[in-house]
Amino acid sequence: GRARSGGAPRQRSRAPTTSRPEPAPVPYATLQDLAYRYGTALLVSLTDRAAVPTGAIDAAVVARALADAEATIDGYLAGRYALPLAEVPRLIGDLAQAIAIWKLHLTEPDPKIAKDYEQAQRMLRDIAGGAVKLSLAGVEAASTGGTGARITDRERPLTAENLKGFI
């Protein structure tokens, strides 16, 4: 181990903050959303992974799938929108559910779930590329404002006037 100089342990100094704490992120989808859309029977069959089945939805398994779905969505939104989202558009909730239910499958999902997942991925690529805009007021990430071309207003360093005698 490394020895520290001085006997007292270092502590982080915290400057007093004057800003309000950030609100907790709003989940894109919940277990209740999945149960309403897909039914509890499907969720039990996908999440009850105990050695002796309990016949109940495993909320921890669902929470993991929802967190993975949110991480996937955030990866696409990060370049265009400020995260975390203050409000969740209906489209994002729908995409989160389609991704989460696909992620809950340990084996090949039925064709409808696979198709919904593929459509969700395409939609996220369209959002990331700007082809689809989310109705989120004032949260689109700030751009650099540059188009690639730069114009300066400096005087030209080499002119016919200051090069007299050299030309």
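I take a residue as buried when its relative accessible area is under 20%, computed with a 1.4 Å probe. The model is a predicted one, and with that cut-off I find that buried residues make up 25% of the 167 residues in the chain.

I looked up the secondary structure next, and the chain has five helices and zero strands. For contacts between residues at least 6 apart in sequence, I note that 71% join residues at least 24 apart. The accessible surface of the chain comes to about 12600 Å², with 53% of that belonging to carbon and sulfur atoms.

I then went to α5, which covers residues 111-129 and reaches 27 Å from its first C-alpha to its last, close to the 27 Å expected at 1.5 Å a residue. Which residues of α5 are buried? I list Ile 113, Ala 114, Asp 116, Tyr 117, Ala 120, Gln 121, Leu 124 and Ile 127. Seen down the axis of α5, these buried residues fall within an arc of 160 degrees, so they line one face of the helix. I recalled that an α-helix has 3.6 residues a turn, so residues three or four places apart point the same way. The buried residues of α5 pack against α1, α2, α3 and α4, while Pro 111, Lys 112 and Gly 129 are exposed on the other side.

Last, I checked both ends of α5. Asp 110 caps the N-terminal end, with a side-chain oxygen 3.0 Å from the backbone nitrogen of Lys 112, and Gly 130, which follows α5, has a positive phi near 95 degrees.

Terms used: Residues numbered from 1 in each chain as written. Predicted model: local features only at pLDDT ≥ 70, side-chain atom pairs only at ≥ 80, totals over all residues. Heavy atoms only, no water. Helix = DSSP H or I, 4+ residues; strand = E, 2+ residues; numbered from the N terminus. Buried < 20%, exposed > 50% of the residue type's maximum accessible area, 1.4 Å probe, protein only. Contact = heavy atoms within 4.5 Å. Areas by Shrake-Rupley, 256 points an atom, 1.4 Å probe, with all protein chains shown as cover. Expected span 1.5 Å × (residues − 1). Arc of directions from axis to C-beta. Polar contact = N/O pair within 3.5 Å; in protein donor to acceptor, adjacent residues only side chain to side chain.
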